[in-house]
Amino acid sequence: MTMKLNNHSAAYDTAKANYANAIKNEASTPEQVETAWTEMQDALVNSLTTQITNQVLSNNMDNAVLASRGVNVLTSEEKKFFNAVVTSGGFSDEDILPKTTVNRVFEELQNDYPLLAAIGIQDLGAVTRYIDSDPTKAYAWGNLFEGIAGQIATAFSDKEVGQLKLTAFAAIPNDMLELGPEWVERYVRELLKESYSTGMEYGLVNGRGATQKEPIGLTKDVATNGAVTDKTSSGTLTFAPSQFGEIVAGELHNVVAALSVDAKNKIVKVAGKVVMVVNPTDAISVQFRNTIQTANGQWVTSLPYNIQVVESDQIPSKKALFFVKGRYTARLAGGVKVKKFEQTLAIEDATLYTLKQFANGEPKDNKAALLYDLDIDFTPPVVEPEETP
């Protein structure tokens, strides 16, 4: 079984929730957001340091045994890089993390965070430019021997992932360097994963666009003049019980039907690609309304039309976000660059670094995702007493 450093302290869980609330609250001042972020990072440093230190003390064994328990055995490139970090007493300005380390961060993000996996983040590695294509234009009929280059050219465009940077702050305790390169690498990966997951979920769900130096989130619409605004509700879902489930099926039919055409009224294939995102509390409510007990006593939860339900604390209470896989573009690029951050830390005896990577995200159009209100009633049905003869 793969060992994970995810047994975080209650202090970190609380600080992470406070930060999520701060960035979602438009009334929060920049100082409040910065304070919440700093408190979350300090709590994460303490949590990871405690976990890693405990594991080092209890797992002093050779690489073969460590590998069998899920601890990474570094590649030669990683070993050389992190040995240099340990030897020099920290990272140097403009260091670039080994590609294999960044790849593992990317894989763990996809595995551990269902929303990020459903969105389908693409890692372009060191490349920052890419060719985008419109599948509705990437073909052409014509007479034999006629030129089609002009027709095909309209289907492709040259784009760049370089407008925005996703920055994580890595506060590395100086004592961590004494534990060796394997644990420094592990510590940096966990910091990246936790910081990126929080930042990316916010940006890809609630990002306010380039004017705010953020992606365009799934909950936003883009006007013809480029202005980014909050989506308005497309309707209300009750998930009300009915004898044959026709209410739930009907409500979700309307959602899927609305997603099956794009902003230009062109057909979109959505079968098996629709994702419903709700916050953890509302996820329980949705599960409650869509769970039945089979004849053999098993409880089964399912939604019609193969809709996938994922949780995110970036979704407001009583709201449900639906999107179609492949209709939102999210990309990381350029590698992760490390730079020492010359500031005093709240946590003592540590050095702060910034870990920066190009990142961006935007929907294909305003119909890539739709927002709905939730009105799930938990009032138990009234059972009339049986009349006594």
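How many bridges join strand 9 to strand 12, and do they run parallel or antiparallel? Hold that thought for a moment, everyone.

First, some housekeeping. This is a predicted model, where local features need pLDDT of at least 70 and side-chain atom pairs count only at pLDDT 80 or more, while totals for chains, interfaces and linings use all residues. Residues are numbered from 1 along each chain as its sequence is written, and side-chain values use heavy atoms, leaving out hydrogens and water.

Back to the opening question: 4 bridges join strand 9 to strand 12, and the two run parallel. Helices (H or I, at least four residues) and strands (E, at least two) are DSSP runs, numbered from the N terminus, and two strands pair if DSSP finds at least two bridges between them. In strand 12, V310 stands opposite V277. Strand 13 is joined to strand 9 by 4 bridges as well, but this pair runs antiparallel; here F322 is the bridge partner of M276.

Now, where do the side chains of strand 9 go? V274, M276 and V278 point one way, V275 and V277 the other, and all are buried. Buried means under 20% relative accessible area, exposed over 50%, and partly exposed in between, with a 1.4 Å probe and protein chains only. With 5 of its 5 residues buried, strand 9 is therefore largely enclosed by the rest of the structure.

Please turn to helix 10, residues 280-289. Its buried residues are D282, A283, S285 and V286. Down the helix axis they fall within an arc of 160°, so they line one face of helix 10; that arc is taken from the directions from the helix axis to the C-beta atoms. T281 and I284 are exposed on the other side. The buried residues pack against strands 9, 12, 13 and 16, contact meaning heavy atoms within 4.5 Å.

My last stop is P98, in the loop between strand 1 and helix 5. P98 is buried, at 2% relative accessible area. Leaving aside neighbours within four places in sequence, P98 is in contact with E77, E78, F81 and F82. P98 and E77 are 21 residues apart in sequence, yet 7.1 Å apart in space, C-alpha to C-alpha.

F82 leads us to the aromatics: F81, F82 and F91 form one cluster. Rings of Phe, Tyr and Trp (its six-membered ring) pair if their centres lie within 6.5 Å, with planes under 30 degrees apart stacked, over 60 edge-to-face and the rest tilted. F82 is buried at 0% relative accessible area, and F91 is buried at 5%. Thanks, everyone!
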